Amino acid sequence: MRPLRIALTKGRLEQKTISLLEAVGYDCSAVRDKGRKLILPVGNGKLEAVLAKAADVITYVEHGVCDLGVVGKDTILEYGGGFYEVLDLGFGKCQFALAGPKGKDFFGGYAAKTIASKYPNVARNYFERKAMDVRIIKIEGSVELAPLLGLADAIVDIVETGTTLKENGLEVIEPICDISARLIVNSASMKLRKTEIEALVEQMERAKEEKRA
Amino acid sequence: MKRYYKITPEGTNDLLFEDCLARRFVEKKLAKVFSSRGFHEVVTPGIEFYDVFQPEVSGIGQEVMYKMTDRRGRLIVMRPDSTMPIARLTATRLQNQPKPVRLFYTQPIYRNHPGLTGHSDETVQTGIELLGAAGIRADLEVIATAVEALSQCVPNFRLELGHAGFFRALAEQLPVTDNVREDIRQAIESKNYAALDAILDELPASQPVSAIRRLPRLFGGEEVFPLAAPLCFDEKSAQTLDYLHELYLAMKKLGLEKQVIVDLGLVQRNDYYTNIVFSAYVEEFGDAVLLGGRYDNLLGLFDLPMPAVGFAINVDAIAQIMLKEGKTPAVRPAEILVHGDPGYEVQALRYAADIANQGHRCETSVFETREEAVSYARASGMKQVIFLAETTETITLEKE
């Protein structure tokens, strides 16, 4: 049987996951100096790490070509999908929020509002729950620009410290939900390789608790 | 302007040659299993009224169904599931049939998946429904048939067994609204321990709360039963667990110990399941290849209440796996090309029909000359060319 394959979201989450895996006792030197390789052995080949963009982590896990994945809750909320979400890894913390020009009453008035977001599904779900009709425009880059340029009344975006908002004269109107990195598992893999996966999840959970302590 | 005339809609594809053979091979194999167990084949329409699949009951969201309207403006959907139509058919047309009724089907279902995710919108399913029978004998028969069917195609499967009633009984005890109950169900379904804990932490501590907290972790072999026993807080949940244990032991007797997993956190999206639920997984496919369970309330929605149990197998997935493993028939060229010289065309046809009746695969030549016929036969990989003229002449083609 092939080694368990874990897809990691490239960048910050990858670094944090690697140090967690190292705390568990896996040798991650191949990932630390990876060069241009995209599939890398971890822990003397006990695991195989795949480096991918966040949304692709979900795709690979959902199709079962990777057994596990580490991905932000933001990506899960935006792209959805059928898989097990077994562990809140506790890092990569931030939140989704509705933000708009400072001091402006967003919920006032009866005119339909325009929302700019990199996360149109998250925005749509949020306003559907509020039973509010809004126009959603997808923006790829700095979403903060949209209200400044007059394209949108507010934005739905990830807020970490709020500095970017403040510097552009925006503020959080309402927090939407908290975000952090999650360990996800393909549902078929969970059934077929239960013992291995459960052991790994448990090890990672313990390492996470120890790091926090 | 024609733009889309050379492509098929997203989520669909043409099946060619070996793919076709593989699908038909699996369909035939499974149909044989089902009919040898006394199940009779039915076909339901490819389009049905939307009302048959009420989302609250079927668990199939309206955005998932392909919809259109009929001549009178009534809402029609392309069949998104086969169990609901079979419940409709049984409740309306088989009222007077002696029970139980054993039915099987092989037909595609259509679901509108989000784009660019590689999911098929058209999936061929085959499955059985045993209608009008309750109890462990019926459940066992259906599970045993599922096992038999899969063993013939993908012997290394895992079968997972759960009970929809276990979660329902626990959830009823929680002092929460239906929406929160659905959030809890979703958290258990996706084994989202973090989300589940977050919801349960808000509730006053009680036995059902701590039982539900344990639920998604309660899966595995026989060791699950003693772990789950203390969580049963009333007679009903204890009976449910005992029932599941009894089924498990029966399956153990069938020699399936290694292949069966019990999962008390199996709470399926299809809301029509009331009792046992089961699904099967194989290494080569990232999702369940078989889904089934007991749905005792479904027929009541069509005004003929009766217990029923059944399952559906994803034929396309099985066919792809078997094709990759080289277990499906290969595409073979005809063995013999029969070519009639000018004036012997009809004799050639008759001759070809004769040897075809003897069990050979043969083609008749559409070419004017022998040379063209031979080069065509060679290019197609045939072994023999038979020329019909005043005398019959056979040449054997060497492999180049």
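Domain bounds here come from an automatic or database domain assignment. On that basis, chain B of this predicted model splits into domain 1, covering 17–324, and domain 2, covering 336–396.

Turning to packing, the largest nonpolar core takes in 129 residues, and B:Val289 and B:Ile318 have the most contacts inside it. Helix H4 of chain B, residues 136–153, is the top contributor to this core, giving 7 residues. Leaving aside residues up to four places away in sequence, B:Ile318 touches B:Val26, B:Cys153, B:Val154, B:Val289 and B:Ile313. There is also a second, separate core, this one of 23 residues, with A:Ala116, A:Val156, A:Val159 and A:Ile176 among them.

Two of the partners of B:Ile318, B:Val26 and B:Cys153, turn up again where two helices of chain B meet. Two packed helices are described by the angle between their axes and the distance between the axes. For helix H1 of chain B (residues 17–36) and H4(B), the axes come within 10 Å and the crossing is roughly 145°. H1(B) and H4(B) cross in a right-handed sense. On the H1(B) side, the residues involved are B:Val26, B:Lys29, B:Leu30, B:Val33 and B:Phe34, and they meet B:Thr145, B:Glu148, B:Ala149, B:Gln152 and B:Cys153 of H4(B).

Chain B also has an open sheet, built from 3 strands in the order S2-S4-S3 with antiparallel pairing. Strand S2 (47–49) and strand S3 (67–69) of chain B sit at the edges; each has a single partner strand, so one side of each has no neighbour in the sheet. Averaged over the sheet and ignoring direction, neighbouring strands are turned by 40° against each other. S3(B) and strand S4 of chain B (residues 75–78) run antiparallel and are joined by 3 bridges. Across from B:Val77 in S4(B) stands B:Lys67.

Over in chain A, A:Arg36 sits in the loop that links helix H2 (29–32) to strand S2 (39–42) of that chain. Is A:Arg36 buried or exposed? A residue counts as exposed if 12 or fewer other C-beta atoms lie within 10 Å of its own; A:Arg36 has 4 such neighbours, so exposed is the call. Along the chain, A:Arg36 and A:Gly90 are 54 residues apart, and their C-alpha atoms are separated by 28 Å.

Methods:
Residues are numbered from 1 along each chain as its sequence is written. Chains are lettered from A and ligands numbered from 1 in the order in which they are written. This is a predicted model: local features need pLDDT of at least 70, side-chain atom pairs count only at pLDDT 80 or more; totals for chains, interfaces and linings use all residues. Helices (H or I, at least four residues) and strands (E, at least two) are DSSP runs, numbered from the N terminus. A residue is buried if 20 or more other C-beta atoms lie within 10 Å of its own, exposed if 12 or fewer, and partly exposed in between; C-beta atoms are placed from the backbone. Two strands pair if DSSP finds at least two bridges between them. Axes are lines fitted to C-alpha atoms, for helices over the stretch in contact, and angles run from 0 to 180 degrees between N-to-C directions. A nonpolar core is a set of buried Ala, Val, Leu, Ile, Met, Phe, Trp, Tyr and Cys residues joined through C-beta atoms within 7 Å. Two residues are in contact if their C-beta atoms, placed from the backbone, lie within 7 Å. A crossing is left-handed if the near helix is turned anticlockwise from the far one by less than a right angle, and right-handed if clockwise.
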